[in-house]
Amino acid sequence: MTERDTKQRRVVALSSSPRRKGNSRKGAEAVLEGAAEAGHHTELVHLADHVTGLFRNCRECRRPDGECSIEDGFRPLFFDKVLPADALVIATPIWWYGMSGHLKNFFDRWFCYFAASYPGQEAVHRGLYGKRVVVVLSAEENNISARLGVVQTLQELSRYLHWTMVGVVTGIGNTTGEVVNDPSNPLSHARELGRRIFDVVETDYKGDTPRSPRVWGEGSRAYPTTWR
Amino acid sequence: MTTAPSPKRVAVFCASPRRQGNSRLLAEALLEGAGEAGHRGELVHLPDHLTSMLRNCRECRRPDGECAIEDGYRAVLYEKFLPADAVVFASPIWWFGMSAYLKTFFDRTFCYYAASCPDHERVVQGMMGKRAALLLSTEESTIANRLSIVTQMQELCRYLHYNFVGVIVGIGNATGEVRKDPTEPLRAARDLGRRLFDIQETDYKMETPRSTRVWQDGNETWPSLWR
């Protein structure tokens with residue numbers, strides 16, 4: 001497929017809370033620990049350090065050479081870390097029943113380089129497609145509906161970009177780092193998900209997809225995606 | 001009554017940087033309807049006022065308790081959002097969710113409703129109990145791409161004791177293209193604006209006392225809608 005497959009695999013975590021020791025960040029670090037144990041190359045990015053400008057109207061602010069004119073660290077982050085990544089760990093606190101504005105803005109800003117008006121559009125598309133993704137959430141409330149919206153968004157985005165959604169881990173906590181006290185052990189699940197980030201098989205059939213009637217047969221031993 | 005009731009205040013928050021975009025057209029249509037019904041409507045173009053996302057309040061709150069981010073957010077919150085009787089959020093669907101402007105608008109309420117803000121009680125009180133509507137524009141017609149944002153808004157409305165009166169979706173991508181959507185979302189938005197304060201959203205618990213008939217005298221208000 002792409003040149004990505006021939007190198008040591010790269011796992012990049014995008015931590016989208018401004019807190020450096022917050023709950024979603026702890027979850028992202030745990031996924032990366034597991035990924036490192038499995039021999040992958042890992043890196044954590046604190047989004048708020050890199051992306052400070054909100055997405056604008058490209059027709060008004062794109063530079064004559066086709067580049068985005070917003071001057072912050074988005075471009076190097078996107079081209080040097082996100083596009084070459086084989087897997088992304090997307091970590092966000094749940095604020096107002098959705099992802100943080102930092103994370104949403106990070107996605108919105110893709111448009112500057114994803115759009116046909118950017119000269120390097122094709123390479124950007126190739127770089128974005130086909131990744132693996134782990135979602136790490138932290139939330140004060142434990143009711144399921146508080147996290148449905150963000151999972152739905154990332155599911156749709158994964159379909160659109162032909163990503164494999166490996167799993168979702170939610171830690172319940174509010175004060176800084178409190179997620180370590182969550183008795184469901186989200187950090188150990190996050191670590192496990194990191195370990196098997198490239199082994200998980202996500203199934204998403206159409207009616208006519210050829211397959212065995214047995215779900216758990218030979219050659220289908222990889223873990224399924226999880227949501228816990 | 002000796003005096004006429006003061007007009008209801010309707011604040012519409014536009015969350016696309018485009019000034020003539022599709023979600024903005026829906027917003028203007030809703031405001032026309034609200035004006036026809038005698039309400040006082042106002043459009044807020046969020047990108048004119050917001051330049052920064054929420055930061056870590058513990059690191060950047062000023063000694064006097066105010067938010068240190070210097071842009072127009074505070075004025076929008078205090079002068080447009082808190083006094084409004086109805087709040088309408090107009091957003092394009094980008095990456096299967098609301099635009100970051102709208103998300104940031106919600107995120108930054110935290111600076112003011114958090115206990116560390118001296119004024120937080122007034123802010124919390126002002127944020128609660130409004131009527132709310134959602135106006136969405138989207139390139140794709142699949143229902144799945146708008147589920148997330150509606151779920152999110154539904155939860156937010158529950159949390160704030162809002163009456164979620166409706167969702168209007170216009171399909172379009174190029175600037176202003178929503179006018180061509182044959183389901184006529186602009187007309188629906190205008191209609192929603194007209195009856196913004198008449199709509200009754202029902203959301204029962206099992207034991208909620210009620211008539212067995214849904215449609216009867218005294219209960220003739222239109223229900224909330226999603227189209």
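Visitor: What makes the contact between α5(A) and α4(B), and which residues meet there?

Guide: In this predicted model, G101(A), K104(A), N105(A) and D108(A) of α5(A) meet A100(B), K103(B), T104(B) and D107(B) of α4(B). To count as a contact, heavy atoms must lie within 4.5 Å.

Visitor: Why are α5(A) and α4(B) called roughly antiparallel?

Guide: Their axes cross at roughly 170 degrees and come within 9 Å. Angles over 145 degrees count as roughly antiparallel, and therefore α5(A) and α4(B) get that name.

Visitor: What makes up the contact of α5(A) with α4(B), by class?

Guide: By class there are 1 nonpolar, 3 polar and 4 charged residues.

Visitor: Staying with α5(A), why is its arrangement with α4(A) called roughly perpendicular?

Guide: Helix α4(A), residues 74-82, packs against α5(A) at about 85 degrees, with the axes 11 Å apart. The range for roughly perpendicular is 65 to 115 degrees, so α4(A) and α5(A) are described that way. On the α4(A) side the contact uses F74(A), R75(A), L77(A), F78(A), F79(A) and V82(A), while α5(A) brings F106(A), R109(A), W110(A) and Y113(A).

Visitor: How many nonpolar, polar and charged residues does the contact of α4(A) with α5(A) have?

Guide: There are 8 nonpolar, no polar and 2 charged residues. Tyr and Trp count as nonpolar, so Y113(A) and W110(A) belong to that class.

Visitor: Why are α1(A) and α8(A) called oblique?

Guide: Helix α1(A), residues 23-37, and helix α8(A), residues 186-195, pack at about 40 degrees, with their axes 6 Å apart. Roughly parallel would need an angle under 35 degrees, and roughly perpendicular 65 to 115, so this pair is oblique. Residues in this contact include A30(A) and G34(A) of α1(A), along with L187(A) and A190(A) of α8(A). The contact has 5 nonpolar, 3 polar and 5 charged residues.

Visitor: Is the crossing of α1(A) and α8(A) left-handed or right-handed?

Guide: α1(A) passes α8(A) in a right-handed crossing. That name is given when the near helix is turned clockwise from the far one by less than a right angle.

Visitor: How do you know how many cavities the structure holds?

Guide: Searching the whole structure gives 3 cavities of 30 Å³ or more.

Visitor: What makes up the lining of the largest cavity?

Guide: Its lining consists of G98(A), M99(A), K104(A), V150(A), T153(A), G97(B), M98(B), K103(B), S148(B) and Q152(B). α7 of chain A and α7 of chain B each supply at least two lining residues. The lining divides into 3 nonpolar, 5 polar and 2 charged residues.

Visitor: And what lines the second largest cavity?

Guide: Among the lining residues are N23(A), G27(A), L187(A) and A190(A). α1, β4, β5 and α8 of chain A each give two or more residues. By class, the lining has 7 nonpolar, 5 polar and no charged residues.

How values were computed: Residues are numbered from 1 along each chain as its sequence is written. Chains are lettered from A and ligands numbered from 1 in the order in which they are written. This is a predicted model: local features need pLDDT of at least 70, side-chain atom pairs count only at pLDDT 80 or more; totals for chains, interfaces and linings use all residues. Side-chain values use heavy atoms; hydrogens and water are left out. Axes are lines fitted to C-alpha atoms, for helices over the stretch in contact, and angles run from 0 to 180 degrees between N-to-C directions. Helices (H or I, at least four residues) and strands (E, at least two) are DSSP runs, numbered from the N terminus. On a 1 Å grid over the protein atoms alone, a cavity is a set of points where a 1.4 Å probe fits but cannot get out, and a pocket is an open set with protein on both sides within 12 Å along at least five of seven lines; lining residues have an atom within 4 Å of a point. Grid points are joined across faces, edges and corners, and a volume is the space filled by probe spheres set on the points.
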